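Some labels given to parts of a model rest on a cut-off.

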Amino acid sequence: MSNVTMSEDMGYTDAMKLYLSSYHLGHHPENFSEMVSGGRRVAVIMNASDVFGDSGREKYLQREVDDLGRFGLTASGLDLRDYFDNNDIEAELSNFEAVWVCGGNAFWLRQAMRRSKFDMAIRELVSKTALVYAGYSAGAVNAAESLKGIDLMDDPAQMPHGYSPDGRTDGLGLVNFVVVPHVESDHPESERARQAVGYLAANNFAYRAISDGQAVVVDGDRVETV
């Protein structure tokens, strides 16, 4: 899309691999599946949907597993709540070649990442190319350095059971731009996405606005929207 406020040359020094989609796998999921080597095992992380409770969770998880399986990826669920306040997450992540982080509320996904220490582990693993980071909507948003402006899309006060407010707006910092999903899309958040883009542009944040079906691919120093 034309409303990009960053250089194509991001200056990445590591051969990081990320696939940041607007909605589910998008129109070109081969860009993700081709990044994943080895056993092609993918951890599906659904904690952005903790705000909606666990009813139906297994059904939605199975949908993600089936979708990834169509592209030769072997997926299984990884619930970050099982790792709250302990240090075992990096060992668990070593069993996978990629993570697939699903949509929901970006702020509570970020807290789940923080409390499980997923955030620290993923930064190291992605920078060493030991793991591919991929996800859509809230999962894509959290790759940024900051979640500022995303409160126009997701409600930070929409609190899941077992969580507590902390007011933090930092992202994972894997990329130095914000992916804004659902722009100009047939999606309930499309108008709020437009407002988020307006905020980011007005405050000189680097961003990439993508519509459903599109994804931002980061492969070393190559960054492109597909």
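Q: Which residues line the largest cavity?
A: In this predicted model, the lining consists of Gly104, Ala106, Ser137, Ala138, Val141, Ile150, Met153, Asp154, Pro181 and Glu189. By class, six of them are nonpolar, two polar and two charged.

Q: What makes this space a cavity, and how many cavities of 30 Å³ or more are there?
A: A cavity is a set of points where a 1.4 Å probe fits but cannot get out. The count comes to one cavity of 30 Å³ or more, and the largest cavity holds about 50 Å³ of space.

Q: Why is serine 137 called buried?
A: Buried means under 20% relative accessible area. Serine 137 has 9%, so the residue is buried. Serine 137 sits in the loop between strand 5 (132-136) and helix 6 (138-141). Leaving out residues up to four places away in sequence, serine 137 touches Ser21, Ser22, Gly103, Pro181 and His182.

Q: Why is glycine 167 called exposed?
A: The cut-off for exposed is over 50%. Glycine 167 has a relative accessible area of 72%, and therefore counts as exposed. Glycine 167 also belongs to a loop, the one between helix 6 and strand 6 (178-180). From C-alpha to C-alpha, glycine 167 lies 8.1 Å from proline 156, and the two are 11 residues apart in sequence.

Q: What makes helix 4 mostly covered?
A: Nine of the 10 residues of helix 4 are buried, namely Ala106, Phe107, Trp108, Leu109, Arg110, Gln111, Ala112, Met113 and Arg114. The cover includes strand 2 (41-45), strand 4 (98-101), helix 5 (118-127), strand 5 and helix 6.

Q: Which residues touch the most other members of the largest nonpolar core?
A: They are Leu18, Leu93, Val99, Phe118, Tyr133 and Val180, out of 56 residues in that core. Helix 4 (residues 106-115) gives the most to this core, with six residues. Another core, of 21 residues, lies apart from it and has Leu25, Met46, Leu73 and Ala98 among its members.

Q: Which residues is leucine 93 in contact with, leaving aside neighbours within four places in sequence?
A: Leucine 93 is in contact with Leu78, Val99, Phe118, Ala121, Leu125 and Leu131.

Definitions and conventions. Residues are numbered from 1 along each chain as its sequence is written. This is a predicted model: local features need pLDDT of at least 70, side-chain atom pairs count only at pLDDT 80 or more; totals for chains, interfaces and linings use all residues. Side-chain values use heavy atoms; hydrogens and water are left out. Helices (H or I, at least four residues) and strands (E, at least two) are DSSP runs, numbered from the N terminus. Buried means under 20% relative accessible area, exposed over 50%, partly exposed in between (1.4 Å probe, protein chains only). Contact means heavy atoms within 4.5 Å. A nonpolar core is a set of buried Ala, Val, Leu, Ile, Met, Phe, Trp, Tyr and Cys residues joined through side-chain atoms within 4.5 Å. On a 1 Å grid over the protein atoms alone, a cavity is a set of points where a 1.4 Å probe fits but cannot get out, and a pocket is an open set with protein on both sides within 12 Å along at least five of seven lines; lining residues have an atom within 4 Å of a point. Grid points are joined across faces, edges and corners, and a volume is the space filled by probe spheres set on the points. Ala, Val, Leu, Ile, Met, Phe, Trp, Tyr, Cys and Pro count as nonpolar, Asp, Glu, Lys and Arg as charged, and the others, Gly among them, as polar.
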